Amino acid sequence: MNNRLWLFYPENDIALAHGGANFTAPPAAVKLRRSGEVLPIWMADADDRVLCNGVNERWLNEVTTAFGLKADVWNHEDFNLSPTPWGWSEASKRVFEKNGFSPNTLPTSETLAKYRMLSHRRTAAEISRRVAASVNFPIWPAAVEVSAREILHDMLRNRPMVVKAPWSSSGRGVTFVDPAHCDSAIQRLEGTIRKQGSVMVEEYAPGHFDFAMLFSCENGCVTYRGLSIFATDAATGQYRGNVVDTQDNLEAILSKRLECGKTESLRRALAEAIEAIIAPEYDGPVGIDLFVTEQNGLRLVHVVESNLRWTMGFVALGLARYVNNQAVFEIIPGDISASCKPVVHNGKLSSGSLALTPPGGDFTFILKIENHT
């Protein structure tokens, strides 16, 4: 297999909602992409390359020397590389075409259409139903796909619910609906139904513990890649980033919320569901977002999303090679790289914080050593 040419393309979920190759990303998504162009270098293997439009060579030389990075930026001349975007869509395919890759090195439109349909949130609902039938502990009810206003009204008028657009990104397209504001919410959601054909509706779950399980599909087979634990703000419970640590330590964190036997059972059930639903049509990374919540004294697992793309959890998995202590990987608005003071020992971050992307961006991708509880 050829070495990879990585493309950081975080707007891919929005591109999937659009559906076509002539897609214009929102300005905030463009800023995020430009700021994080070189981010895949931290998850890449030796001799992989990263597609970017120029790089701060001083910064690149510093981190390459300090951490022994073996990947590099692409010279825009070597086409003996395997195109590896953040996620596949007609829009991300177009980026490789514009950079000179021939059609026979890229997925066909037919293949990308299959990937797009598998990226619909109904896939996560089907995975949830399969998992519920396979494990001996409670699973949060799967989302229901709704396209009729009358059914949507009946589902939303009695209790708090969460409504999700079939394709959306980073919290966009996710709406919490309180029964008191049911009618006004439905008016807004009808626009999503017109554009995307339906919405996914599920019960609202209060306070929960968020994590993800990471897999890859190749030639119809599924391989487990690792666990990702989300870091949350202690005061608000809001997502901050991803915990970066050894897999054993991450498993220990999860075991405080979900017993070891249940974790293994869940992992096995997810792999079987992915193998049945996704793997026959798709090769690439799969991230399953989940959370543990409580209801009437029971701990339930909720299958939140299935992501047919690289995720920040995969980035955290790659970053674990470069830390000596538990850390958190975050994305911070603005350029705060000057405030990062990394202490590096034997090619690993021992204390302080490290800017994972060059200075001057609208966002700073940071790896920070801190205790996580």
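Analyst: Start with handedness. A crossing is right-handed if the near helix is turned clockwise from the far one by less than a right angle, and left-handed if anticlockwise. Here, in a predicted model, α7 crosses α8 in the right-handed sense.

User: Which residues of α7 and α8 make the contact?

Analyst: From α7, Arg 149, Leu 152, His 153 and Leu 156. From α8, Cys 182, Asp 183, Ile 186, Leu 189, Glu 190 and Ile 193. By class, that contact has six nonpolar, three charged and one polar residues.

User: At what angle do helix α7 and helix α8 pack?

Analyst: About 140 degrees, with the axes 10 Å apart. Angles over 145 count as roughly antiparallel, so α7 is oblique to α8.

User: Where in the protein is confidence lowest, and where highest?

Analyst: First the general idea: where pLDDT is low, predicted coordinates should not be read in detail. In this protein the mean is lowest in α7, at 87, and highest in strand β1 (residues 4-7), at 98. The protein averages 92, and 97% of the residues score at least 70.

User: Now a single residue. Is His 120 buried or exposed?

Analyst: Buried means under 20% relative accessible area. His 120 has 1% relative accessibility, so it counts as buried. His 120 lies in the loop between α5 (109-118) and α6 (122-134).

User: Which residues does His 120 touch, not counting those up to four places away in sequence?

Analyst: Glu 145, Pro 166, Trp 167, Ser 198 and Met 200. For scale, Ser 351 is 231 residues from His 120 in sequence and 41 Å away in space, C-alpha to C-alpha.

Definitions and conventions:
Residues are numbered from 1 along each chain as its sequence is written. This is a predicted model: local features need pLDDT of at least 70, side-chain atom pairs count only at pLDDT 80 or more; totals for chains, interfaces and linings use all residues. Side-chain values use heavy atoms; hydrogens and water are left out. Helices (H or I, at least four residues) and strands (E, at least two) are DSSP runs, numbered from the N terminus. Buried means under 20% relative accessible area, exposed over 50%, partly exposed in between (1.4 Å probe, protein chains only). Contact means heavy atoms within 4.5 Å. Axes are lines fitted to C-alpha atoms, for helices over the stretch in contact, and angles run from 0 to 180 degrees between N-to-C directions. Angles under 35 degrees count as roughly parallel, over 145 as roughly antiparallel, 65 to 115 as roughly perpendicular and the rest as oblique. Ala, Val, Leu, Ile, Met, Phe, Trp, Tyr, Cys and Pro count as nonpolar, Asp, Glu, Lys and Arg as charged, and the others, Gly among them, as polar. pLDDT is the predictor's confidence in each residue, from 0 to 100.
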